[in-house]
Amino acid sequence: MEFLKTLLFTSLTLLLFSTANAQNSSDDEKLSLNSGTIDNQFEYVIRRSNSWQDYKTVKKTWLYALKAHTIDSLKAAHDNLKATQVVVQSQSNEIKILKNNLSNTKTSLDNTIVEKDSMELFGMPMTKPNYSLTLWSIVGILSALLLFFIYKYKSSNSITKLANTSLTEIEEEFEEHRRNALEREQKVRRQLQDMINEQKKS
């Protein structure tokens, strides 16, 4: 009688497992543990893991592979963040240089206005209108460059904030999945131990 119960339980389990595999085969073909996004890799592990009642049993090799891929993604996000910070620092230095150049140019312009009778620029004599036009053109170009680098700095800063946010989300997501996987593994082990104990008693 016990043998018939075991055989019936095993048959029903195999039937349910094969039906679930048939339904998910088309979706599983699109998922992979070694490619795609972290979300798709987690989905692959969840779908391909064996089911037992309400729990999933996950292969340790899959967890290790998933951990390695997640760490690689976090490292890539860190590298992108560092590269962005380098760009931001470089542009910040360029903005400081442009501000200094603009300040120096304005000082030079003020001194030139005081010395109205001297109309030489870079050793070249020129009329007052041309002189003023040239200087203001230089100021305008430097101002345009300053505005451009300020815009680039703000853009890079927003990219850095977005990268920080994405990194935090990925780390939280990895920690949540790792915690859930450990909880599932512990529950399955307890269930298996309970079954072993029940078998020993019977």
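1. A contact here means heavy atoms within 4.5 Å. On that basis, 65% of the contacts in the protein with a separation of 6 or more are accounted for by residues 24 or more positions apart. The model is a predicted one, and the points below should be read with that in mind.

2. Overall layout. The secondary structure comes to 4 helices and 4 strands. Taken from the N terminus on, the order of elements is α-α-β-β-α-β-β-α. Of the 202 residues in the protein, 21% are buried. The accessible surface is about 14,800 Å², and carbon and sulfur atoms hold 57% of this area.

3. Confidence. The mean pLDDT of the protein is 77, with 77% of its residues at 70 or more. Helix α1 (residues 2-30) has the lowest confidence, at a mean of 50, while helix α4 (residues 128-201) has the highest, at 86. Within residues 15-26 the pLDDT is below 50, and this stretch has 1 contact in the model beyond near neighbours in sequence. Where pLDDT is low, predicted coordinates should not be read in detail.

4. Is T70 buried or exposed? T70 counts as buried because its relative accessibility is 1%, and the cut-off for that class is under 20%. The residue lies in helix α3 (residues 60-114). Leaving aside neighbours within four places in sequence, T70 is in contact with I38, F42 and F174.

5. D39 and T70. Helix α2 (residues 38-48) contains D39. With a relative accessible area of 46%, D39 is partly exposed, whereas T70 counts as buried. In sequence D39 and T70 are 31 residues apart; in space their C-alpha atoms are 9.8 Å apart.

6. K99 and L145. A further pair of positions involves helix α3, where K99 is found. K99 has a relative accessible area of 47% and is therefore partly exposed. Between K99 and L145 there are 46 residues of sequence separation and a C-alpha to C-alpha distance of 9.9 Å.

7. Aromatic pairing. How many aromatic pairs does the count give? The count comes to 1 aromatic pair. It is formed by F148 and F149, whose ring centres are 5.4 Å apart and whose planes meet at 75°, so the pair is edge-to-face; the cut-off for that class is over 60 degrees. The two residues fall into separate accessibility classes: F148 counts as partly exposed at 45% relative accessibility, and F149 is buried with a relative accessible area of 18%.

8. Salt bridges, helix α3. The count of salt bridges comes to 5. One of them joins K75 to D79, with the closest N and O atoms 3.3 Å apart. K75 and D79 are 4 residues apart in helix α3, so about one helical turn separates them. D79 counts as partly exposed, its relative accessibility being 36%.

9. E185 forms a salt bridge with R189, and their closest N and O atoms are 2.6 Å apart. Both E185 and R189 lie in helix α4, with a spacing of 4 residues, about one turn of the helix. E185 counts as partly exposed at 21% relative accessibility. Another salt bridge links R179 with E175, the closest N and O atoms being 3.8 Å apart; the bridge is counted because the limit is 4 Å. R179 and E175 are likewise in helix α4, 4 residues and about one turn of the helix apart. R179 counts as partly exposed at 34% relative accessibility, and E175 is partly exposed with a relative accessible area of 30%.

10. Network. Which residues are linked in a network of salt bridges? The network links E175, E176, R178 and R179. The bridge between R179 and E175 has already been described in the previous point.

Methods. Residues are numbered from 1 along each chain as its sequence is written. This is a predicted model: local features need pLDDT of at least 70, side-chain atom pairs count only at pLDDT 80 or more; totals for chains, interfaces and linings use all residues. Side-chain values use heavy atoms; hydrogens and water are left out. Helices (H or I, at least four residues) and strands (E, at least two) are DSSP runs, numbered from the N terminus. Buried means under 20% relative accessible area, exposed over 50%, partly exposed in between (1.4 Å probe, protein chains only). Accessible areas come from the Shrake-Rupley method with a 1.4 Å probe; for residues, only the protein chains shown count as cover. Rings of Phe, Tyr and Trp (its six-membered ring) pair if their centres lie within 6.5 Å; planes under 30 degrees apart count as stacked, over 60 as edge-to-face and the rest as tilted. pLDDT is the predictor's confidence in each residue, from 0 to 100. A salt bridge is a side-chain nitrogen of Lys or Arg within 4 Å of a carboxyl oxygen of Asp or Glu.
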